[in-house]
Amino acid sequence: MKILGLDPQESLGSVIAQTYNLPGKIISKGTFMTSEIVDYFKEGDVQNILCAVPDNDDIHEDVAAEAISSAIDKNHIYAEKASTGRVNFKSQSLCLVRYDRDFIKEVNLVDESIAFSIVEHNQLLAKNDLIATLKIIPFFTQKKYVDQVISILAKNELFKTHSLNKKKVSLIQTSFEWQKKSIFTATANVTKARLEALGCSLNKEKLISHDYDTLRSAIRSSIKNGPEILLISGASAITDRSDYIPKAILSEGGEIIQYGLAVDPGNLLLIGKVGNTTIIGMPGCARSPKLNGFDWVLQLLMADIPINREELADMGAGGLLMEIASRPLPRALAKSVSKREKKVMGVILAAGNSTRMGRDNKLLRNIGTAPLIRNTAIEMLKSDLDTCSIVLGYQSDKVADVIKDLNISLILNPLWKEGQASSLRAAINGLDSTYSDLLIMLGDLPGIKSRHINSIIEEHLLTDNRKSKITIPSFKGQKGNPIIWGRSFFHDLSNLEGDVGGRVLFSQHPAAINLLEMNDPAVVTDTDTPEDFKNFLKNII
């Protein structure tokens, strides 16, 4: 192809290389020059037209695009008619798209005039969603390049769609006595919504006690009903292959395909099998509708794609899911914070064993007529927080017992011995995207009242770009608690490790710090030692 300036008569059979605005008529770039078009130029007294002129072996962009499109397998997809050298390929139904990345690369290396673009590998698509685009970039390309691409396509499918099939799915949830039944209702509802978005439904569900023998019996009776997929959501996260869920699968003659997944969130997922039933030990994050590794595994199962270690290992490429994922869920599960919403979740960190207090659990020591942790929970619930949770670990049953009548969600952290960072992870895994901000309250701040919390919330919500702000109360220049973190920091908080809290991030984000000076030392007064406790009680008498 050559770009030449031609008089109107010479331009017949070529393509216009730029747009011309003629009296009463606009001739767009890419228009094929016919006798009728030539007459428009003559009437407009245009003497020279910039044209794309094909060489002897050149073919027009639309002809080339149609030829390549015809060589692509159209099973479960359809192709739109070529226009301006472009053909779009779309899905006929809900499906997964899969391909070999090297095969796509081979097509795109034939010549720069031919470009093929496709969505992510294993992308879930709804009916009529765009899968791929073939574009012939110049107005003409050489026939030999088109033939070369067609010969590559003859060797293998460029991409393949896998329709999703309905499966018989059952759900078992295990619970501790002190956990609110609303947690399990919510988990069941989120699971049903996930399955419905994949064209499936939940056939049976059970709620049982978190007990090994009870779980074994539930697995055995569930499998007798012949589910293709059995989901198990444990009251606590699976810690290793010797935990209740994997152990129960093995005891029923099953196998563990893999424990742990290279997708975050979703690391603590387990996949096993008993007979013809695939069993998924759900990660804690599956209680939330937010995209996680559990979604990807479900999609593969619904598409009848064999699950093996190689397939699971491949998920690690692109498996770090942050605020925006490259492979989103269907719109039916998409959640976003509306512009007018300012939802703040509060979480009390109460999992530690308070070693500096000696033998006593400081959270259970009385302040007035009630244990410290109960007073803290009541003040949180009296505040303007939209909802409140508490992370439990050490003596979780005893702590849960003193707040069992309060409207507060319980989050069990089985890794509490690793330190405060594990409790932060547990808290953030329980968040869904309807929450814009997170207030973190330490369980051992006896003087904090709902008025303090409300002042901090008000300050934070009035701050510009609050999702990227950290609002911290202070007293005489000393930073205190509780602290509100905007959504931008959730990922950093969940990646902390060891016995550290969010304060280690302050130095990394100095511009994000939003200090609220308060005239009350309660925001900096904790009770780490028996002496601290004694001093606090002395001051309130």
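**Salt bridges and a helix pair: a friendly walk-through**

Student: How many salt bridges does the count come to?
Tutor: Welcome! This is a predicted model. A pair counts when a side-chain nitrogen of Lys or Arg lies within 4 Å of a carboxyl oxygen of Asp or Glu. By this rule, the number of salt bridges comes to 18.

Student: Let's take one of them. Where do lysine 143 and aspartate 147 lie?
Tutor: Their side chains meet in a salt bridge, at 2.8 Å from N to O. The two residues are four apart, about one turn of the helix. Both belong to helix H4.

Student: Is aspartate 147 buried, partly exposed or exposed?
Tutor: Buried needs under 20% relative accessible area, and exposed needs over 50%. Aspartate 147 has 36% relative accessibility, so the label is partly exposed.

Student: Which residues of H2 and H4 make the contact between these helices?
Tutor: Helix H2 covers residues 61-70 and helix H4 covers residues 143-153, and their axes are 9 Å apart. By class, the contact has seven nonpolar residues, with no polar and no charged ones. H2 gives Ala64, Ala67 and Ile68, and H4 gives Val146, Val149, Ile150 and Leu153.

Student: How are H2 and H4 oriented to each other?
Tutor: They pack at an angle of about 10 degrees. Angles under 35 degrees count as roughly parallel. H2 and H4 are therefore roughly parallel.

Student: Which parts does the pair of lysine 192 and glutamate 205 tie together?
Tutor: The side chains of lysine 192 and glutamate 205 meet in a salt bridge of 3.1 Å, N to O. The parts it ties together are 13 residues apart in sequence. Lysine 192 sits in one and glutamate 205 in the other: helix H5 (residues 181-197) and strand S16 (residues 201-209).

Student: Is glutamate 252 buried or exposed?
Tutor: Glutamate 252 meets arginine 220 in a salt bridge, 3.0 Å from N to O. This pair links distant parts of the chain, 32 residues apart: glutamate 252 is in the loop between helix H7 and strand S18, and arginine 220 is in helix H6. Arginine 220 is partly exposed, at 36%. Glutamate 252 has 18% relative accessibility, and the cut-off for buried is under 20%, so glutamate 252 counts as buried.

Student: Which residues are linked in a network of salt bridges?
Tutor: Here the links join up into a network of salt bridges. Its members are Lys167, Glu228 and Asp304.

Terms used
Residues are numbered from 1 along each chain as its sequence is written. This is a predicted model: local features need pLDDT of at least 70, side-chain atom pairs count only at pLDDT 80 or more; totals for chains, interfaces and linings use all residues. Side-chain values use heavy atoms; hydrogens and water are left out. Axes are lines fitted to C-alpha atoms, for helices over the stretch in contact, and angles run from 0 to 180 degrees between N-to-C directions. Angles under 35 degrees count as roughly parallel, over 145 as roughly antiparallel, 65 to 115 as roughly perpendicular and the rest as oblique. Contact means heavy atoms within 4.5 Å. Ala, Val, Leu, Ile, Met, Phe, Trp, Tyr, Cys and Pro count as nonpolar, Asp, Glu, Lys and Arg as charged, and the others, Gly among them, as polar. Buried means under 20% relative accessible area, exposed over 50%, partly exposed in between (1.4 Å probe, protein chains only).
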